[in-house]
Amino acid sequence: MNANPQTLGPLPVPPRPAEARRLVVGLAGQPNVGKSTVFSILTGLSAEVGNWPGRTVERREGSARINGREFHVIDLPGTYSLTSNSEEERIAREFILNERPDVIVMLADAAALERNLYLLAELLLLPIPVVLGVNMVDVARREGVEFDAHVLEAALGLPVVPMVASRNEGVAEVLAAAAAIADGERPFAPDRPEIASAHREVYELVHALVAPFVPAGLPADWAALKLLEGDREVTEKSRQWLPPDAWASVHELLREHEDAVLDVAGARYEWIGRMVRAAVRRPRLGQISFTDRFDRVATHPGWGLALLLAVFGMVFWLTFSVAGPVQGWLEETVVARASAGLAGALAGAPAWLSGILVDGMLAGAGIVVTFVPILFVFFLALGFLEDTGYQSRMAYVMDRFMHRIGLHGKSFLPLFLGFGCNVPAVMGSRVIESRPARLLTIMLTPFVPCSARLLVLAFLVPLFFPAFPALVAWGLVVANLVVLVLIGLLLDRFAFRRERLAFIMEMPLYHVPNPRTILIFAATNVWTFMKRAATIIVVVSMIIWLLVSYPGEHVNDSYLAGFGRMLEPVGALMGLDWRLIVATLSAFVAKENAIAALGIIFGTEGEALGTTLAAAITPAAALAFLVVNMLFVPCVATVAAVRQETRSWGWTAASTGLMLASALLFGTLVYQGAVLLGLGGAGA
Amino acid sequence: MASPNAIALSELPPGFRGVVARVAGGRELAARLAAMGLTAGTEIVVLQNRGYGPMLARVRDTRIALGRGQADMVTVYECESADPRAAARPAATG
C-alpha cells in the first residue's frame, strides 16, 4: 500500500532546458498503420532489437537526429487498445507508465481514423503528452476519405500532422511537433473522452474508493476506468492495493455494473465521433476500392488458396534460385578459404588445436554464415507479404484448416516456411500475437521436413529402395505431416487446452510496399539471429567435433561411437545399430551431415555406398532410420532459434524432448511393423 | 438473441447491412472487438460469409475477419433506413 498517494493534477511541466536535451519518444499506434516504416526512417540501422524485460516480445529502439535535436525512439508494440488482454498491450502501457517517455507519437491510419482514435482515447488517460501523426493520407484519399488536419487539431487540442511515411512526408514534422510539446513551446490541452452519464455515478464511487490507495505515478482516474472495463491486471493489482473493506465495496460495484465495459467503449466512440465530425469528409462515395476488388480473389476459398500456393511457390523459387547459389558461393569461397587459411596458419600447431579450430569452430561459423542468404531472402519475402497487407489474407484463407488442429490461421505461414528451412520458420512465428498460439507453432515447426532433411531423404531412399523410391519418399513425407497433425492435436488437447483461440483479425488495405522498410526488417532479423544463435551453433559444432575425433583416429573409435554403442539396446527397438545411431547423432550440427557420416562410417561413397548399405541394413531398419532422421531433434540452428524465440531453456528442452520422443516412438512402430510385414530380412 | 429481430452475424449473407445490436461472449471479447471498431450501434456490412470457416465484415472503415465462434456472439439489427453513406458503398466479394 502506498503511504504517499499522489493527487492527479495537471501534467508537470518540465523546466525549460538551457540546452536542447535528448527527448525520449514512444512510438505508439494500432497494427498496420506504417509504424515500422516510420521507425525505420527515423532510426535506420541504428535500431537495436532486444526484448522487453522478461517478455518474448521484441523491443526496437534507436536514435534519430532531426534539425540538430537528438531523439531516442522506442517502438511500442502495435495494439488496438491498452487493456490487459494481450502481452503487447500490457507492454505498451507499462512502458508509458513506468519508463515515462517525454512524449508519445501516436500514428493513425487516415483511412480508418475513427477506429484508430480509440487508442488515442486510451492514451490521453495516461500522464504523457501525445502528438498524433495521421499516416497514409494518400491511401485514404484513394479510398475516398479526405481529412483536414487543422480542424482535427483544433478539436483534439493536440498537434496533428498529416503523413505519407512511405514517401518520407511528415516524419520530421511529427517529431518537431513532439519536441515542441515536450519543451512546452506548444500547448497540450487535449479534449478527453468522458464516461457516459449512465455510469458516471458508479465511476465516481469507484474512483473515490481507489484514489487514496493507487500508487504514486498511476493516474487514479485511469485505474478506476480500467476497473470498470474489467481489466484483469488492474483488477488483480487493486485487490492488493486496497484494504479489504474498500476492495469489497469496489468488487460489489463492479459486479453490479458488468456492462460498464460496453458503455466505456461506447463513450469513447461517441467522443471520437465528435472529434472527427468536422475533420473528415467523404467526397467520393460508392467506389469499389482496389482492396475490395483484389480481396474477391485473395480471400476466396478456392482462388485465394491457389494464389497463396503461387505466392509460396515464388518464395521457394526465389530462395533456391537466389539464396541457394549465394550459399554455395559462400561455402566455396569464404568458408573454404577461411578454413584453408586458418589450417595453413596452424600448420605448426598440434593436430587437436587445428582440428578444433578449423573443423569445429570454423565449421560452425561456416554454418552460421551460410544461413545468411536463406534467412535474408525469407525475411525479404516475409517483410514484403506483411508490408503489402497480403499476409493477413493468407491467414484468413488458411484459418479453416489450421483451426482444426488448434492453430491460428497465422500459424500457416511459419509452418509452411519450415519446408524451406526451420530456422526462419521458428523466427517467423513472431507474426502470431498470442503467446500460447506462438508456442504451439514453435513446437510444431521442427516437425516440418526442411529442405536439408528432404535432401537426405532424396539421397538415401533410392539407395535403400531402388525399386520404388518415389513411393517410399512421398509416403515418408506424408507420414511426417500426419505425425505433425497428430502432435498438433495432442498438444492442443492437453498442453494448451485452456487457450482456445478467438480468430479476430484486421484485414488492412493493400499498400505499395516500402523497399527500405523491408530491407531493414530483413537485415535486423538476420543480424539478430546471427548474434544470438552463433555462439550456440559454434559451441555445439566444437563439441561434436571433439566427440567424433577422440579418443581414436577414426569415427568408429570415437566417443560418439562409444555413445552409439551404449545406445544400441534402445536402437535395437528401431533396428538401428551403433553406426546408424552415430550417423543420426552427427546430423545434429546439420541435417545433411547424415549422408557424409554414413559414408565415413561405412567407408564408402556414392554408388558404392548404396550397395554397402543395402547389404548391411535390412529394409525395415532403413525405413526406421529414415523415419528417425526426419523426426529426430532438429539441427542445432533450429534449436538455437527455438531458444531465441521462446526465451526459455525449458521450452527449448520441451521441443527437443518432444522430437526425440516421437522419433523413438514412430521409429519403433515403423521398424516393428515392417518386420511383421516381412521386411526384416536382408536385401531390398 | 437479445431482441426478436436481432440476428447472429454468422447467419447473415454477404452484402447485408445492419447495425450491431449486442456483443455477447464476455467482457474480453467485447473489449477486443470494441477496440477494432465493433461496438453496439455501429453500422456493419457483411463482406463474405460462406457458412463455414471465418467470415469478413466491415465496421468503421475496417475489414475484420471473425471466426465462426466469435461471429456467433455478435447480433445485428436489420436497419431499414440505412445510413445513405453506408448504403452507397457496394458490397465487396460474394
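This is a predicted model: local features need pLDDT of at least 70, side-chain atom pairs count only at pLDDT 80 or more; totals for chains, interfaces and linings use all residues.
Trainee: Let's start with chain B. In what order do its elements run from the N terminus on?

Mentor: Chain B has three helices and six strands as its secondary structure. From the N terminus on, the order is β-β-α-β-β-β-α-β-α.

Trainee: And what share of the contacts in chain B with a separation of 6 or more comes from residues 24 or more positions apart?

Mentor: One pairing to look at is E2(B), residues 17–23, with E3(B), residues 43–48, which run antiparallel over three bridges. Within that pairing, B:Arg17 has B:Val45 as its bridge partner. Over chain B, the share from residues 24 or more positions apart is 61%.

Trainee: On to the interface. Which element of chain B gives the most to the side that touches chain A?

Mentor: The contact involves 36 residues of chain B and 34 residues of chain A. On the chain B side, H1 (27–35), E5 (62–66) and H2 (68–71) each supply at least two residues. By class, that side has 17 nonpolar, ten polar and nine charged residues. The element that gives the most, with nine residues, is H1(B).

Trainee: H1(B) also meets H11(A). Are those two roughly parallel or roughly perpendicular?

Mentor: Two packed helices are described by the angle between their axes and the distance between the axes. Here the axes of H11(A), residues 260–276, and H1(B) come within 10 Å and cross at roughly 5°. An angle under 35 degrees counts as roughly parallel. So H11(A) and H1(B) are roughly parallel.

Trainee: How many nonpolar residues are there in that contact of H11(A) with H1(B)?

Mentor: From H11(A) you get A:Val261, A:Leu262 and A:Ala265, and they meet B:Arg27, B:Ala30, B:Ala31 and B:Ala34 of H1(B). Sorted by class, there is one charged residue and no polar one, and the nonpolar count is six.

Trainee: Now chain A by itself. How far apart are the centres of domain 2 and domain 3 of chain A?

Mentor: The chain is divided into domain 1 (23–182), domain 2 (197–281) and domain 3 (298–457 + 498–532). Taken over C-alpha atoms, the centres of domain 2 and domain 3 of chain A are separated by 44 Å.

Trainee: What about E1(A): which residue of E5(A) stands opposite A:Leu27?

Mentor: Six of the seven residues of E1(A), residues 23–29, are buried, so the strand is largely enclosed by the rest of the structure. Five bridges join E1(A) to E4(A), residues 69–75, in parallel, with A:Val25 opposite A:Val73. E1(A) also pairs in the parallel sense with E5(A), residues 103–109, over five bridges. There, A:Leu27 stands opposite A:Val105.

Trainee: Is H1(A) roughly parallel or roughly perpendicular to H21(A)?

Mentor: A:Ser36, A:Thr37 and A:Ser40 of H1(A) meet A:Arg516, A:Thr517, A:Ile520 and A:Phe521 of H21(A). That contact divides into two nonpolar, four polar and one charged residue. The axes come within 9 Å and cross at roughly 80°. That makes the arrangement roughly perpendicular.

Trainee: Last one: which helices of chain A do the buried residues of H24(A) pack against?

Mentor: H24(A), residues 578–586, is mostly covered, with eight of its nine residues buried. Among them are A:Leu580, A:Ile581 and A:Val582. The helices these buried residues pack against are H21, H22, H23, H25 and H27 of chain A.

Definitions and conventions
Residues are numbered from 1 along each chain as its sequence is written. Chains are lettered from A and ligands numbered from 1 in the order in which they are written. Two residues are in contact if their C-beta atoms, placed from the backbone, lie within 7 Å. Helices (H or I, at least four residues) and strands (E, at least two) are DSSP runs, numbered from the N terminus. Ala, Val, Leu, Ile, Met, Phe, Trp, Tyr, Cys and Pro count as nonpolar, Asp, Glu, Lys and Arg as charged, and the others, Gly among them, as polar. Domain bounds come from an automatic or database domain assignment. Axes are lines fitted to C-alpha atoms, for helices over the stretch in contact, and angles run from 0 to 180 degrees between N-to-C directions. Angles under 35 degrees count as roughly parallel, over 145 as roughly antiparallel, 65 to 115 as roughly perpendicular and the rest as oblique. Two strands pair if DSSP finds at least two bridges between them. A residue is buried if 20 or more other C-beta atoms lie within 10 Å of its own, exposed if 12 or fewer, and partly exposed in between; C-beta atoms are placed from the backbone.
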